[in-house]
There are 2 protein chains.
Amino acid sequence: MKLYEALAEDVAGSIRQGLLKPGDRLLSVRQASAAHRVSPSTVFQAYYLLEARGLVHSRPRSGYYVNAAAVARAPEPELPSQPDGESRSVEVSDLVFQVLESSMARDVVPLGSAFVDPELFPLRQLGRALASTAVHLDPRSTVDDLTPGNAELRRQIALRYRLGGMQVGSDEIVVTNGALEALNLCIGAVTGPGDAVLVESPCFYATLQVLQRLRLRAIEVPTHPREGIDLAAMEAAIARHAPKACWLMTNFQNPLGASLSSERKRALVELLARHRIPLIEDDVYAELYFGHERPLPAKAFDREGLVMHCSSFSKSLAPGYRIGWVAPGRFAQQVARRKLTTTLNTSVPTQAALAKYLQHSGFDRHLRRLRKALATQQAQYLDAVARHFPSGTRVTRPAGGYFLWLELPPPADALVIQQRAAQLGISIAPGPMFSAGRSFGHCLRLNCGHRLDARTESALATLGRLARETA
Amino acid sequence: MKLYEALAEDVAGSIRQGLLKPGDRLLSVRQASAAHRVSPSTVFQAYYLLEARGLVHSRPRSGYYVNAAAVARAPEPELPSQPDGESRSVEVSDLVFQVLESSMARDVVPLGSAFVDPELFPLRQLGRALASTAVHLDPRSTVDDLTPGNAELRRQIALRYRLGGMQVGSDEIVVTNGALEALNLCIGAVTGPGDAVLVESPCFYATLQVLQRLRLRAIEVPTHPREGIDLAAMEAAIARHAPKACWLMTNFQNPLGASLSSERKRALVELLARHRIPLIEDDVYAELYFGHERPLPAKAFDREGLVMHCSSFSKSLAPGYRIGWVAPGRFAQQVARRKLTTTLNTSVPTQAALAKYLQHSGFDRHLRRLRKALATQQAQYLDAVARHFPSGTRVTRPAGGYFLWLELPPPADALVIQQRAAQLGISIAPGPMFSAGRSFGHCLRLNCGHRLDARTESALATLGRLARETA
């Protein structure tokens, strides 16, 4: 973030928190320059930016004043989803690929992307760790680091569980090619074609794609946009469909950003244990919390070994390195063996480099910076959504991660918006990607993992216009 | 290889080629020292080694003489396998894992291993390529190098196809986590549970494990230990079982070492094309040829896009890096999409490093050294098998790769030998691992990818003794 952007964000934060109220005058350029020890031109740039973002306006020969609408935020969605309760085969994969392929080009505004801006990661430091491990790689490690994986990396992962008070032995951990492989190994270990699986509504589209590929049936369970999956509804679905597995994101769920409280995680684990149903827990966003401490996974409450906890470094540290892991509880041997017959093992020098970085290179310092950047960006995007989208729009305010979920006023059609936006070089993730039943036609997911620059601001304005036109 | 070992190998080669015949006297130590420009003590060490290997004997105050039995080699197997022609579900995976897990410890003599000695690979040079690419990694490459993969790496792979006169566009190539992932993606793209697949008899155990996991049925086709799969038998199996795919190794097949001639590869491709059956071609050993040129894959004869050619750098260049690829013909989109829902993509810095190595670092020079080492080791192991195994043993002499396939005189039981050998710290791969019908109980596969040192020689002697005891 440049100096003037930091200053603008500082002022915007004061407005959001109510320290500056609508009608208040900002410090004069001279005062601000002295107070923040920056040049007058930096202050000018910051104030121009705030004006462009609709937070302040200037009065000739008087100064800058906070706008009346500056603190308006679109309301949050309040109602849980209402899927029809059926178990169904999944047919969403082609739609997902069409949307993703239309958003792959480098010059597309990546509001539909699943990735954070790669500039937010310490790729040079990781590169140095990779460089020093690669040149001195023990040739025998090409055999020793076979699945379940590099011993030091697994120890480092076990130590991070310990930071949260959890006892997960490094013996239980299997290193994978990202969390997606971990999730695939888990679902494959406990289901066969035709089995039914409990998922959230809406749920991450890749989950649905995996179910489709494996010919599994999806049972979409009502999910609250802030509080997560509805356990009473889940219990009813279990009684009706006898599912073979439950596949959830318990923290900062993609796409809603919902998190289960610790009490609800405990209740979830107990409910599933009573029915002997394995839980596949996708927990890739846990490190991206905005609050005071990392939320626990449901795994923390597991007494039966039925929770398979999947995560990775792709979202928190090392995008593109493809290092994930799973702590599969009682399914550890099955999961490791499935890996041995699918991808055999995970890149040996890459595993060693991650292990080295985790030992020495300040992962937590990086995480603090990353969380702060993401929290700031979320606030900026929420402001922009309020400025540009039609009234009646609702938007989530997740306590972590980098997605916003928008409910547009009906009859807005997210698939139409997506297609028109794609022609204008803007990607979004339309709601029906996240549902086996193709629900959420009036919803979309926005990525706020990239800086809100002028081009993105303009893209959000365009999306707001498209939302009005299709509504 | 140390100096004295090289000299010993030079003499052993002369014996094998008949330049030195049984009863011939070796050069005196003084003569040999002068002729080879090495010290007398190096010559002594070389002659001791040849004596220990049973190729020569010394006569007091006279010198060293070639043994009568020095050039004896066990005969090759001559008969194709005779599977029963049924299509059957596969239940071999537990056996395979038991055998592999008993041979994982670092101090086991790795005659059952699937890997070459990692010291034979240019890991330091690769490490330097990885170091320089990792430190300067373009953050955007973490998105750009998503599946199908790094553009420069795919170009380098396409260029290697061109060296063999083949036209495979870089657009067709999908980079994978090793060949095993490529093979999994291919078989998954063209089959569903219950379908039948043509395989060799014997065939690579990982193939059988994949079929078992995917609930596919195996049709084992008679296969000649030198000439490969029997096409007439394959045609009959097609008529009887209507298989959905054929999965073969056309060059230096694991475990037999058999290769199809170019004419037979062409006939194979035409036969399968007539029946619209996709061919999944596992070609990981092609670069390890001992002859004058790299054998073509069956893919070279494909006109219909039905051949999915899978290979990797794991056996030829970079074990542990997990970089493979597939050129999937008409199935390119399906294969890439399957990858996007299973492991998403392949490690970005690792892909970039391989691309850089292939551009600059003398892959072909390394391959020449590797081939020479493997050919030499094969000859040494063949000698040792002749010395130690009971008469009646037959052993293959593949023209590439690093496996020997032994037929022991019945009623030798390879599973019993394997268990006893494991207790003595020696691994082997018993025949029944390579067959859905658990045939080949009197056969075993030996890895000759590691130096034949005294410990290995002793392990082979032990195996020969166990073969006698169980016969």
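What follows is a walk from the chains down to single residues. Keep in mind that this is a predicted model.

**Stop 1: the two chains together**

The contact takes 54 residues from chain A and 54 residues from chain B. About 4,900 Å² is buried between chain A and chain B, 62% of it on carbon and sulfur atoms. Now pick out A:Arg106, A:Arg337 and A:Thr341: they supply 13% of the area that chain A buries against chain B, more than any other three residues.

**Stop 2: the domains of chain A**

Domain 1 covers 3-66, domain 2 is made of 89-119 + 365-470, and domain 3 spans 123-360. Focus on domain 1 and domain 2 of chain A, whose C-alpha centres lie 28 Å apart. Their contact takes 6 residues from domain 1 of chain A and 8 residues from domain 2 of chain A. These two domains bury about 660 Å² between them, with 36% of it on carbon and sulfur atoms. Which three residues supply 73% of the area that domain 1 of chain A buries against domain 2 of chain A? Select A:Glu9, A:Arg16 and A:Arg53 to see them.

**Stop 3: a parallel pair in chain A**

Stay in chain A and select strand β8 (residues 245-248) with strand β9 (residues 279-282). The two pair in the parallel sense over 3 bridges. In one of these pairings, A:Trp247 has A:Ile280 of β9(A) as its bridge partner.

**Stop 4: helix α10 of chain B**

Bring chain B back and select helix α10, residues 231-241. Next, show B:Leu231, B:Met234, B:Ala237, B:Ile238 and B:His241, which are buried. Why are they on the same side of α10(B)? Because they cover an arc of only 110° around the axis. An α-helix has 3.6 residues a turn, so residues three or four places apart point the same way.

What covers the buried residues of α10(B)? The cover includes β3 (87-89), β5 (196-201), β6 (217-224) and α11 (262-274) of chain B, among others. On the face of α10(B) turned away from its buried side, look for the exposed residues B:Ala232 and B:Ala239. Just after α10(B), B:Ala242 takes a positive phi of about 45°.

**Stop 5: B:Thr147 in its loop**

Zoom to B:Thr147, in the loop between α6 (141-144) and α7 (151-163) of chain B. Is B:Thr147 buried or exposed? B:Thr147 counts as buried, because its relative accessibility is 6%. The side chain of B:Thr147 reaches the backbone oxygen of B:Leu344 at 2.6 Å. Leaving aside neighbours within four places in sequence, the residues in contact with B:Thr147 include B:Val174, B:Ala336 and B:Lys339.

**Stop 6: an open sheet in chain B**

Finish with the 4 strands of chain B that form an open sheet in the order β12-β13-β15-β14, with antiparallel pairing. At the edges sit β12 (394-395) and β14 (429-430), each pairing on one side only. Then highlight β13 (residues 403-407) and β15 (residues 443-447), joined by 5 bridges. Here B:Trp405 stands opposite B:Arg445 in β15(B).

Conventions: Residues numbered from 1 in each chain as written. Chains lettered and ligands numbered in written order. Predicted model: local features only at pLDDT ≥ 70, side-chain atom pairs only at ≥ 80, totals over all residues. Heavy atoms only, no water. Pairing = 2+ DSSP bridges. Buried < 20%, exposed > 50% of the residue type's maximum accessible area, 1.4 Å probe, protein only. Arc of directions from axis to C-beta. Contact = heavy atoms within 4.5 Å. Domains from an automatic or database assignment. Buried area = accessible area lost by both parts, 1.4 Å probe. Polar contact = N/O pair within 3.5 Å; in protein donor to acceptor, adjacent residues only side chain to side chain.
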